[in-house]
Amino acid sequence: MTPIARRGFDIAVWVALLFMPYWMGAIGGYTELATRIVVMALAAMSLNILLGFTGVLSFGHAAYFGLGAYGTALTIKYLVPSTLLGMAVGIVTATAAAAVIGALIVKRRGVYFAMVTIAFGQVFYFIAFRWNAVTGGDDGVTDWHRMPIGLGPARLDIFGNDKIFYYFVLAIFAICVGLMAGLLNSPFGRTLLAIRENERRARFLGIPIERHIWLSFVVSCLFVSVAGCLYALLNNFTDPRALRFDLSGNLVIMAVLGGMRSFWGPLIGAAIFVALQDYVSSHTANWMSVIGLVFVLVVRFFPRGVLGVLRSRSSA
Amino acid sequence: MTQLILFNLFNGLIVGAFYALMALGLSLILNLSGVINFAHGGFLALGAYLAYALIPVIGFWGALVVAPVLTAVVGLAVERVLIRPLYGRDPLYGLLLTFGLAYIFEDAMRLIWGAQSVPFQVPGWLTSPLSRQYFFLTGYRLFMILVVALAVAGLFYVLTYTRLGIRIRAGTQDLETVSTLGVNTRILRSLNFGIGIYIAGLAGVLAAGLLGLSPTIGSALIMPSFVAIIVGGLGSLLGTLFGGLLIGLASGLTAVFFPSATEAVIYVMMGLVLLVRPRGLLGEEGRVH
């Protein structure tokens with residue numbers, strides 16, 4: 001894509017997102033679905049820092065997504081009924097966990113990195129599932145809801161009004177995406193690309209590979225935990241499924257489906273995947289087969305994703 | 001108290017044997033083909049359900065022999081059609097494809113055999129306790145341990161002494177050289193995949209007799225199997241075997257003192273192993289990928 005085309009695409013994406021609650025209804029959707037798309041898009045784009053831009057395969061991001069969700073839910077339910085404080089607790093918890101686990105796994109590469117992230121991905125699931133007294137076990141954290149946010153004299157009623165909550169989520173999405181774009185365009189982000197393209201050469205250039213991959217992992221998990229917080233707020237509820245490995249797999253397929261080598265790819269993938277999941281699960285009990293088939297078909301026939309294909313068309 | 005500890009250790013040993021069987025198959029496929037077979041649990045469940053369907057026709061013993069073979073045949077077909085084109089590509093794609101397959105397997109089994117668990121008949125004379133004091137020592141459990149031991153011994157025999165096994169091990173080290181020496185590596189990978197799936201099918205039949213049979217039986221066993229491989233050491237099948245038994249025993253022991261941590265404890269073990277000995281208990285030096 002030329003720089004002008006790219007700029008045009010950026011603007012088109014933001015315009016589409018800005019009016020999504022309005023055009024969503026016209027194509028048979030609803031505001032909550034729009035919000036869910038934005039949340040999952042944020043999660044998939046966060047994962048893609050690692051997957052697409054560092055070339056490291058993480059298959060356990062649900063853990064940090066879910067930690068964000070549980071941190072938010074438990075804080076609002078038991079400690080302080082404040083949306084923003086809940087999010088802060090969720091983000092800090094998840095990022096701290098990522099920093100520790102990241103340090104343990106950073107020396108692994110390729111399929112072995114994936115293996116270790118899969119295995120570690122499940123530990124918080126079991127904790128949430130078994131620690132009934134605090135987490136509610138399989139039933140999840142219920143009987144709480146997101147709190148309106150006070151802004152001096154004004155009050156942002158994100159609980160009572162779906163659309164206001166959508167724009168709250170979109171604002172946070174915009175902040176995160178801006179930070180991610182800045183990061184990926186910085187020397188740090190370029191170094192990650194260098195590691196992706198040729199790790200050995202990058203090492204010979206004196207780049208501390210492990211430290212960069214660790215940082216990339218932690219940053220990626222930080223942003224995915226923001227999405228997890230928003231997901232809990234969206235549902236006014238969270239349960240162990242927010243931590244389970246199927247979510248990790250779904251995030252990866254979103255990134256691949258949309259095109260993991262493009263910045264906006266995971267957003268497109270998330271929109272398609274979430275809308276499809278919503279449609280299929282309300283029309284057939286066998287939605288799992290359909291989703292599974294999506295995985296198989298994408299891998300066999302569409303491995304470069306929507307934006308990957310579009311890009312090679314336009315440059316050819 | 002001693003009895004309680006013995007009971008849980010014995011349980012842990014049995015569960016560990018399942019983890020080990022599952023993990024050995026996963027390891028074989030991972031080492032030779034570089035594919036993490038997420039659908040392994042689905043194959044395990046398939047083996048169990050095939051046995052369930054076959055028992056009324058050919059009895060338990062017939063099903064024990066036939067069901068794993070049929071599972072392996074399905075595995076070979078899946079490998080040929082779906083997985084073979086992915087060899088040599090980014091491991092991401094193999095992982096995603098088998099992940100999708102796992103969804104399809106679970107759903108298909110729910111569709112065919114129902115979401116509820118089904119009764120799985122093992123011969124009555126096997127299920128009665130052998131001793132009144134040690135009530136957990138049923139014939140079926142001892143028989144299961146025997147079959148697992150035989151299967152593991154058979155696998156290691158094949159890998160050590162047969163031409164096929166030697167080629168598999170050589171291919172694990174350097175597939176390109178093996179190919180240059182005139183071995184058809186496509187067939188080698190297929191057979192290797194088939195062996196891994198056969199073991200999963202066998203584990204499925206045995207597990208169904210003990211744990212009961214429901215569509216989620218495979219997904220419950222697959223995660224600990226990953227842990228078993230990492231604890232035991234990547235690239236080492238012996239390590240995988242020990243890893244499986246070890247985490248089984250550890251979670252069994254934890255069940256005595258702190259029941260709600262039976263799952264979490266294996267992850268703590270994995271964290272410790274990665275911290276103290278990153279290549280795993282028996283992993284080869286220099287293979288910290």
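Is I207(A) buried, partly exposed or exposed, and how many C-beta neighbours does I207(A) have inside 10 Å? I207(A) counts as partly exposed because 16 C-beta neighbours lie inside 10 Å; here a residue is buried with 20 or more other C-beta atoms within 10 Å of its own, exposed with 12 or fewer, and partly exposed in between, the C-beta atoms being placed from the backbone. The model is a predicted one, in which local features need pLDDT of at least 70 and side-chain atom pairs count only at pLDDT 80 or more, while totals for chains, interfaces and linings use all residues. Residues are numbered from 1 along each chain as its sequence is written, and chains are lettered from A and ligands numbered from 1 in the order in which they are written.

I207(A) sits in the loop that links helix 11 (199–204) and helix 12 (209–235) of chain A; helices (H or I, at least four residues) and strands (E, at least two) are DSSP runs, numbered from the N terminus. Beyond its neighbours within four places in sequence, I207(A) is in contact with T191(A), A194(A), I195(A), A202(A) and H212(A), where contact means C-beta atoms, placed from the backbone, within 7 Å. Between the C-alpha atoms of I207(A) and R190(A), which are 17 residues apart along the chain, the separation is 12 Å. F204(A) belongs to helix 11 of chain A and is exposed, because 9 other C-beta atoms lie within 10 Å. A distance of 25 Å separates the C-alpha atoms of F204(A) and V219(A), 15 residues apart along the chain.

Turning to the whole chain, chain A holds 16 helices and two strands. Its radius of gyration is 19 Å, close to the 20 Å that the globule rule gives for 316 residues, so chain A is as compact as a globular protein of that length; the radius is taken over C-alpha atoms, and the rule is 2.2 Å times the number of residues to the power 0.38. The C-alpha trace of chain A spans about 55 × 45 × 45 Å along its principal axes. Of the 316 residues in chain A, 51% are buried. Among contacts in chain A with a separation of 6 or more, 72% join residues 24 or more positions apart.

Within chain A, helix 13 and helix 15 pack at an angle of about 40° with their axes 10 Å apart; axes are lines fitted to C-alpha atoms, for helices over the stretch in contact, and angles run from 0 to 180 degrees between N-to-C directions. Helix 13 and helix 15 of chain A are therefore oblique to each other, given that angles under 35 degrees count as roughly parallel, over 145 as roughly antiparallel, 65 to 115 as roughly perpendicular and the rest as oblique. I253(A), V256(A) and L257(A) of helix 13 meet V294(A), F295(A) and V298(A) of helix 15. This contact of helix 13 with helix 15 of chain A comprises six nonpolar, no polar and no charged residues (Ala, Val, Leu, Ile, Met, Phe, Trp, Tyr, Cys and Pro count as nonpolar, Asp, Glu, Lys and Arg as charged, and the others, Gly among them, as polar).

The contact between the chains takes 37 residues from chain A and 36 residues from chain B. On the side of chain A that touches chain B, helix 5 (83–105), helix 6 (110–121), helix 7 (123–130), helix 13 (245–258) and helix 15 (287–301) each supply at least two residues. That side of chain A divides into 27 nonpolar, six polar and four charged residues.

Technical notes. Contact = placed C-beta atoms within 7 Å.
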